[in-house]
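Here are my notes on this one, as numbered points. Have the coordinates open while you read.

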Amino acid sequence: MRELPEPKLSLLGHMELSVAKPHLPKKTPVGNRRIIQVTGGKFEGKYFNAEVLPGGDDWITVREDGTIIQDVRITLETDDGEIILMTYRGIRTGDRSVLNRLDQGEEVDPDEYYFRTNPVFETGSEKYHWLNNRIFVSNGIRMPEGVSYSIYTVE
C-alpha cells in the first residue's frame, strides 16, 4: 500500500471561553451529566477575530473513570459582523487525581492531562465560506474561570 504524507497543521487561532457554574443533573442512563453555559469569550487568529456570543452550551458526559466527553455549540460574531456557528466534540482525560483537581477549580499544568477537540465551523458568509470545507483540531486547557484552546487547520 502507498503511504501518504503526514497531514500538517497550521494555526487558525486561539479562543478563550468564559463559563458559568455547571448544572449538575443526576446520573442518567447515558452517564453523569454536566451542562455548562458559555457566557462569552473571544477568538483571535490570522484570518479573523471574533467575539463569542453568550448563550452557548457545553453538554458534558462524565464517564465512570472521570473522563469528560464534550458536546459544545457556540456562536462567533467576527469583527466585520459575520456570524459563524461553531460546534465541537472533545475529550478531557487523565489520572483520576488530576481530573479531581480540575473539577475543584484548581489550575493544573496542561501537560498533566489530555484535552483535545474537533471543531466544526458553519457559516453562510461568503468571506468565511472556506471554514465550512476544512477539518480542524485543537488542544485545550481548563482554567478556574473558563477554557482556552489553540485551534489548528489540518492541511
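1. Start just after α1, where G105 takes a positive phi of about 85°. Helices here are DSSP runs of H or I with at least four residues, strands are runs of E with at least two, and both are numbered from the N terminus.

2. A word on the source: this is a predicted model, so to speak of local features pLDDT has to be at least 70, side-chain atom pairs count only at pLDDT 80 or more, and totals for chains, interfaces and linings use all residues. Residues are numbered from 1 along each chain as its sequence is written, and side-chain values use heavy atoms, with hydrogens and water left out.

3. Back to α1 (96-103). V98, L99 and L102 are its buried residues (buried is under 20% relative accessible area, exposed over 50%, partly exposed in between, with a 1.4 Å probe and protein chains only).

4. Next, look at R34 in strand β2. Its relative accessibility is 17%, so it counts as buried. The R34 side chain makes a polar contact of 3.1 Å with that of D103 (a pair of N or O atoms within 3.5 Å; within protein, one must be able to donate a hydrogen and the other to accept it, and residues adjacent in sequence count only if both atoms are side-chain atoms). Beyond four places in sequence, R34 also contacts others, including P22, D58, W59 and R92.

5. Of its 25 lining residues, V19, P22, R34, I36 and R142 are the closest to the centre. The lining has 16 nonpolar, three polar and six charged residues (Ala, Val, Leu, Ile, Met, Phe, Trp, Tyr, Cys and Pro are nonpolar; Asp, Glu, Lys and Arg charged; the others, Gly among them, polar). On a 1 Å grid over the protein atoms alone, a pocket is an open set of points where a 1.4 Å probe fits, with protein on both sides within 12 Å along at least five of seven lines, and lining residues have an atom within 4 Å of a point.

6. Finally, I91 in strand β6 is partly exposed, with a relative accessible area of 26%. Its C-alpha lies 6.2 Å from that of Q70, 21 residues apart along the chain.

Conventions: Contact = heavy atoms within 4.5 Å.
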